[in-house]
Amino acid sequence: MAMRVRFMRTANVAGIAIGGLSAMLAIAAHGQMDTARSSNGQKAEAVEDAAGNLRVPDAYRTTYQSLGSWAVSADQGSGSKELHLVYASPGTIAAYSRDGHFPDGTVLVKEVYEAATEPMTTGTVSHADTLKGWFVMVKDSSGRHAGNKLWGDGWGWSWFDAANPSKTTSTDYNVDCLPCHQPARASDWIYVQGYPALKR
């Protein structure tokens with residue numbers, strides 16, 4: 001009788017252990033699928049429609065990763081006339097650090113602010129003042145929107161005025177976007193040297 005009880009306890013413990021292990025494996029597999037989804041094309045789907053029209057993604061300030069910022073010098077006097085803050089969709093930094101390139105579905109959002117410059121205790125300081133708009137790019141190496149003039153050279157490209165984050169004012173990326181990115185052609189059209197998080 002004692003041996004039978006001991007056998008039943010051992011069987012119960014083994015069953016519980018196997019059940020727990022199965023649950024952990026299922027959770028791990030689900031987590032891997034979610035990670036793959038969040039670092040690839042699914043994030044791009046949230047900012048483009050079937051025709052390839054882009055929009056500024058919702059909640060990018062809280063869900064995206066900060067890549068870095070740029071200050072554009074004032075035409076006259078001290079300080080900056082614009083500040084550019086750049087964000088990348090989740091998983092972009094890890095993928096770029098690992099592979100040295102932007103994976104398909106990467107979304108980059110650049111906020112462009114008019115800057116205000118004033119004396120402060122730390123010196124003459126420029127800070128973001130009025131939002132002018134956003135520049136949004138989506139990585140696409142397959143050319144899935146070949147008929148759309150805002151897609152090409154491996155990216156979807158669009159500028160949005162601050163008044164309307166869902167409708168671009170860009171009409172042709174070759175005219176409206178690419179000229180500013182020509183010096184960064186060798187690094188997939190992105191000025192990666194300005195982003196500390198992408199240094200390898």
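What follows is a set of questions and answers on this predicted model.

Me: Which conventions apply here?
Reply: The model is predicted, so local features need pLDDT of at least 70 and side-chain atom pairs count only at pLDDT 80 or more, whereas totals for chains, interfaces and linings use all residues. Numbering starts from 1 along each chain as its sequence is written, and side-chain values use heavy atoms, with hydrogens and water left out.

Me: What share of the residues of the protein counts as buried?
Reply: A residue is buried under 20% relative accessible area, exposed over 50% and partly exposed in between, with a 1.4 Å probe and protein chains only. Of the 200 residues of the protein, the buried share is 34%.

Me: Which strands stand at the edges of the sheet?
Reply: Two strands pair if DSSP finds at least two bridges between them, and here the six strands form an open sheet with antiparallel pairing in the order β1-β2-β3-β4-β6-β5. Each edge strand has a single partner strand, so one side of it is left without a neighbour in the sheet; the edge strands are β1 and β5 (151-152).

Me: How many bridges join β3 to β4?
Reply: Strand β3 covers residues 107-120 and strand β4 residues 123-139, and the two run antiparallel. Within this pairing, Glu111 has Trp134 in β4 as its bridge partner. The number of bridges that join β3 to β4 is 14.

Me: Which residue in the turn between β1 and β2 has a positive phi?
Reply: Strands β1 and β2 run antiparallel and are joined by eight bridges, with Val72 having Glu82 in β2 as its bridge partner. The two strands form a hairpin with six residues between them, and the turn residue with a positive phi, of about 80°, is Gly77.

Me: How wide an arc do the buried residues of α4 cover around the axis?
Reply: Helix α4 spans residues 92-99, and its buried residues include Thr92, Ile93, Ala95 and Tyr96. The arc is that of the directions from the helix axis to the C-beta atoms, and these residues lie on the same side of α4 because they cover an arc of only 165°.

Me: Which strands are among those that cover the buried residues of α4?
Reply: Just after α4, Gly100 takes a positive phi of about 80°. As for the buried residues of the helix, what covers them includes β1 (65-73) and β2 (80-88).

Me: How many aromatic pairs are there?
Reply: Rings of Phe, Tyr and Trp (its six-membered ring) pair if their centres lie within 6.5 Å; planes under 30 degrees apart count as stacked, over 60 as edge-to-face and the rest as tilted. By this rule, the number of aromatic pairs is six.

Me: What kind of pair do Tyr60 and Tyr87 form?
Reply: Tyr60 lies in helix α3 (residues 60-63) and Tyr87 in strand β2, 27 residues apart, and both are buried. Their ring centres are 5.3 Å apart and their planes stand at 70°, so the pair is edge-to-face.

Note on methods:
Helices (H or I, at least four residues) and strands (E, at least two) are DSSP runs, numbered from the N terminus. Contact means heavy atoms within 4.5 Å.
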